[in-house]
Amino acid sequence: MVLSRRSILLAPVLAKYPFRLGVASGDPWPDSVVLWTRLAPAWEEPGGGLPKRDIAVKWELYADDAGRKPVRNGLAYAEAARAHSAHAEVFGLEAGRDYWYRFTALGHQSPLGHTRTAAKNPSQLRFAYASCQKYEDGFFTAYEHMAKDDLDLVLFLGDYIYEGVGKPDHPRQHPSHEAVTLDQYRYRYSLYKSDPLLQTAHARFPWSVIWDDHEVGNDYANLTPGDQFPAAEFAARRWAGYQAFYEHMPLRKASLPTRQETRIYRRLSFGQLANLYLLDTRQYRDAETKRQMLGIAQRDWFFAGLKEDQTRWNLIAQQIPYSKIDKGTGVIPDKWDGYPEARRELTEFIVASRLSNAVILTGDNHSHWVFDVKRDFADPGSATVATEFLGTSITSTGDGLDQRADYAKRLPFNPHVKYFNSRRGYVRCRLTAERLETDMITMPYVSRPGAPASVGARFVVEAGRPGAVRG
Ligand code: FE
Ligand code: CA
């Protein structure tokens, strides 16, 4: 192939293909997106099969899918210290339009990716969201179906990887050791990202991602491990998990990890239609007093944003169940149920500020749930102040069931639960000024490839009327 004079920077030509982990784009703004790839001709090895030096990567952005005449191009640096990942923030784009992109490095071209900038003031927003994709539990068939939709955005709400030791007799194989070090987390992301269906969904739409616990370790709270891991070593482990997350995600520079903090909470704007808040309920939460879920800085930023409230809808994407789930076995301490003061503070803020159309989008629970968010969950007669759609897992916990007897028994104790289904799948949404339509997508199995997908249930939220209604 012919390279520009910059090929000096891009040499030497490698025999092995460096784009085995695919391409991605993310966080669409009206004038900008971030493009991602990682050079890893041998991702199975520490170092990814590349020397310990930075490598220039050329990126090109096109106005059509022929991918011939770039409308923008530039160089990004795949730094050795960041596993040769490249993040290119591209600015000066037109709002609400399709773009295609491709990387060139080491004498090879990446696959062509597609992305879309945010419209300045859209009349509708189509998006999907997913969570909990435990590799060993099954196949990522959900993404095969998602890729056929026409979406402006995909949200990933946490548990992109699972850190645990591989178990026998699962549909796919995890490593035989837990991920603790940076190299181990990198291996874990590479394994997941080598999946062709996951790559397809990344190459097809811009994604906005947040993490939950398994990007580091089960049920951790800020710097307190939730498992047997030594507390004194946890800060180093958490940093390694955050660093590997950044290296493998289409995140902007604002999310670059430092030793103190990796900031992933942020807001995306869709004109007067919606603000979309992406929250981090993991990094700043109190382990002991359980008063703070978001930490003071994030809470103040979030409340200040809500206070402006000039949009029709306020979408709040976050990790863990917000609504009360009464399983008859006591409060689950890791969820908002375990942080009643923080939940009351947010709910009362929504009420007091007369926030318009708050919708909470959630992952983590490996089942579909739809909730009316009650002002006081202890009082079924209290006002519904928001709506929560909790999406099931992509694969975690395996094939699943439509109903689980233990939960079904408890539904009378949870009158604010409008839907429950324990299959695998994702959630697809269409938002307009008048209403939010939500399809809870389910699949009959993930233990082998090729499952069909269907709409398990459709719900509608009418603007001005919080609460989910079967559509
Ligand atoms: Fe999970
Ligand atoms: Ca989780």
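## Metal site and cavities

In this predicted model, the residues that donate to the calcium ion (ligand 2) follow the sequence spacing D-x52-D-D-x150-D. These donors are Asp159 (OD), Asp212 (OD), Asp213 (OD) and Asp364 (OD), and they lie 2.2 to 2.7 Å from the calcium ion (ligand 2). Two of them, Asp159 and Asp212, link distant parts of the chain, since Asp159 sits in the loop between β10 (153-156) and α3 (182-193), while Asp212, 53 residues apart from it, sits in the loop between β11 (206-209) and α5 (234-248). Asp159 also bridges the calcium ion (ligand 2) and the iron ion (ligand 1), and these two ions lie 3.8 Å apart. Asp159 counts as buried because its relative accessible area is 1%, which is under the 20% cut-off, and Asp212 is likewise buried, with a relative accessibility of 1%.

| Cavity | Volume | Lining residues by class |
|---|---|---|
| Largest | about 70 Å³ | 6 nonpolar, 1 polar, 3 charged |

The lining of the largest cavity includes Arg291, Met293, Phe303, Trp336 and Glu345. Both α6 (296-308) and α7 (340-352) supply at least two residues of this lining, and the largest share, 3 residues, comes from α7. The second largest cavity is lined by residues including Ile325, Asp326, Trp369, Tyr407 and Asn414.

Terms used
Residues are numbered from 1 along each chain as its sequence is written. Chains are lettered from A and ligands numbered from 1 in the order in which they are written. This is a predicted model: local features need pLDDT of at least 70, side-chain atom pairs count only at pLDDT 80 or more; totals for chains, interfaces and linings use all residues. Side-chain values use heavy atoms; hydrogens and water are left out. On a 1 Å grid over the protein atoms alone, a cavity is a set of points where a 1.4 Å probe fits but cannot get out, and a pocket is an open set with protein on both sides within 12 Å along at least five of seven lines; lining residues have an atom within 4 Å of a point. Grid points are joined across faces, edges and corners, and a volume is the space filled by probe spheres set on the points. Helices (H or I, at least four residues) and strands (E, at least two) are DSSP runs, numbered from the N terminus. Ala, Val, Leu, Ile, Met, Phe, Trp, Tyr, Cys and Pro count as nonpolar, Asp, Glu, Lys and Arg as charged, and the others, Gly among them, as polar. Donors are N, O and S atoms within 2.8 Å of the metal (3.2 Å for Na, K and Ca); water is not among the atoms, so sites may look incomplete. Buried means under 20% relative accessible area, exposed over 50%, partly exposed in between (1.4 Å probe, protein chains only).
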